[in-house]
Protein chains: 2
Amino acid sequence: MTERKPDRRVQRTRQLLTGALLQLILEKGYEDVSVQDIIDRANVGRSTFYAHFADKEDLLIAGMEHLERELVESQRHALASGRSPEERALGFSRPLFEHAAGHRDLYRSMVGTRGGAIVQKEFHRLLSTLIRNELKEQVPRLRETAIPSEAVVQYLTGAFLSLLTWWADGKARMTATQMDDVFRALALPAMKAALRA
Amino acid sequence: MTERKPDRRVQRTRQLLTGALLQLILEKGYEDVSVQDIIDRANVGRSTFYAHFADKEDLLIAGMEHLERELVESQRHALASGRSPEERALGFSRPLFEHAAGHRDLYRSMVGTRGGAIVQKEFHRLLSTLIRNELKEQVPRLRETAIPSEAVVQYLTGAFLSLLTWWADGKARMTATQMDDVFRALALPAMKAALRA
DNA sequence: TCCTGTGATGAACATAGTGTTCGGAAATGC
DNA sequence: GCATTTCCGAACACTATGTTCATCACAGGA
């Protein structure tokens, strides 16, 4: 299953570049980072950058795959630990808030108000995938209701992301657990309503 | 109450510029519009542009004040028409979906996936103000609950905006009324839950 | 250990956009 | 009419992007 290993130099370069971007995002926010900044920080030639990535955005998206893997892994654990269905529903919520708590600075600069459009768009896509999968597994009955299931997915994604952003921006002095409680308190009734419809 | 009227040339120029930006956003999306494009389309000198607006973003924000006025006006009408409290709650929803239906192209390019970061950020701010005001008037009891009222505002704003975006992107073949129904079906139970908490 | 192919380098270049400046022309409103 | 405000547009300094190419360095198989 392991891909044929790429040249060590390639690994090194890509790692240096994504690392540099991450650092710089934390310092200045995505928008303000130039390709020049990145290759200076990574100590990599200009042409080398473009040999690997089409542009800044391309690099970002590649970098977010790390994040995606981490989140999917968290979700898997959450689903595996068998609790009551009540608690397992919306299981992505808690791990994600906790992940955000552990990487607060990163989240603030990526998903927060200062973060760029592409980051948020990408994050929304990622999150909606997570939620869509979870709903399919946990609440298959949703398919039969009057409300399109994709509408529920979008509703939940937006609501969650908005709360997360607000929290990451530091405008709420709450713990990850408290945030999770708030989200569940608001979202679970919505899902029950969706099932009734 | 009327401001001292500005020079007619000033009015003309500003109108020309905002009009041009709007046209160009519809054609290419905000990100791809350059200042050069705008002044070409508006047939206005370069220095004139910068005499009125600091940059592209500044012009956009000024332009969105039109939109804001329209929406606030819609909201006022909705609140005025005395219906049951059940129907008056979340009263911003219906008019906004209908406004979006009437300006579908505009919404698609502004709030839709192709739209820029600033536009969405601005729209989020606008919408959360709308919602915050409405909650304060309609559900004053929210202040006493365990869930911070601002969390509810953010939750609702995100959920609504996400639905609106999804719909405006044309991924849902639904009428404004249907969208409103969906949103209310999902959001009203959440609010009731918030009050119970 | 040697050899070969692949990746890395960096300077130079073409392109494009931004925001400022300023003297002169033109429209405005009184 | 006439003083005042606004507009014009060309020129300029800057910053950034993405490409090209000859040359060098290294990885990894033999």
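Analyst: A term to begin with: a residue is near a molecule or strand if its C-beta atom, placed from the backbone, lies within 6 Å of it. This is a predicted model, in which local features need pLDDT of at least 70, side-chain atom pairs count only at pLDDT 80 or more, and totals for chains, interfaces and linings use all residues. Residues are numbered from 1 along each chain as its sequence is written, and chains are lettered from A and ligands numbered from 1 in the order in which they are written.

User: Which residues come nearest to DNA strand C?

Analyst: There are 21 residues around DNA strand C, and A:T13, A:G45, A:S47, B:R8 and B:S47 come nearest.

User: Which elements do they sit on, counting those that give two or more residues?

Analyst: From chain A, α1 (8-28) and α3 (46-52); from chain B, α1 (8-28), α2 (35-42) and α3 (46-52). Helices here are DSSP runs of H or I with at least four residues, strands are runs of E with at least two, and both are numbered from the N terminus. α3(A) gives the most to this surface, with four residues.

User: Let's look at one helix. What length should α1(B) have, and what does it have?

Analyst: The expected span is 1.5 Å times one less than the number of residues. For the 21 residues of α1(B) that gives 30 Å, and the end C-alpha atoms are 30 Å apart, so the two agree. Just after this helix, B:G29 takes a positive phi of about 85°.

User: Which of its residues are buried?

Analyst: B:L17, B:T18, B:A20, B:L21, B:L24 and B:I25. A residue is buried if 20 or more other C-beta atoms, placed from the backbone, lie within 10 Å of its own, exposed if 12 or fewer do, and partly exposed in between. Seen down the axis of α1(B), the buried residues fall within an arc of 155°, so they line one face. That arc is taken from the directions from the helix axis to the C-beta atoms.

User: What about the other side of α1(B)?

Analyst: B:R8, B:Q11, B:R12 and B:Q15 are exposed there.

User: What do the buried ones pack against?

Analyst: They pack against α2, α3, α4 (56-80) and α7 (104-110) of chain B. Contact means that the C-beta atoms of two residues, placed from the backbone, lie within 7 Å.

User: Where do the two chains touch, and how many residues are involved?

Analyst: The contact takes 28 residues from chain A and 27 from chain B. On the chain B side, α8 (117-138), α9 (149-168) and α10 (176-196) give two or more residues each. α9(B) gives the most, with ten residues. By class, the chain B side has 18 nonpolar, seven polar and two charged residues.

User: Back to chain A. What is it built from?

Analyst: Ten helices and zero strands. The C-alpha atoms of chain A fill a box of roughly 60 × 45 × 30 Å along the principal axes. Of its 197 residues, 35% count as buried.

User: Which residues are buried in helix α6 of chain A?

Analyst: A:S93, A:L96, A:F97 and A:A100, in a helix that runs over residues 93-102. They cover an arc of only 100° around the axis, which puts them on the same side of α6(A). Their cover includes α4 (56-80), α7, α9 (149-168) and α10 (176-196) of chain A.

User: Last one: A:Q36, buried or exposed?

Analyst: A:Q36 counts as exposed because it has 10 C-beta neighbours inside 10 Å. A:Q36 is found in helix α2 of chain A.

Key: Ala, Val, Leu, Ile, Met, Phe, Trp, Tyr, Cys and Pro count as nonpolar, Asp, Glu, Lys and Arg as charged, and the others, Gly among them, as polar.
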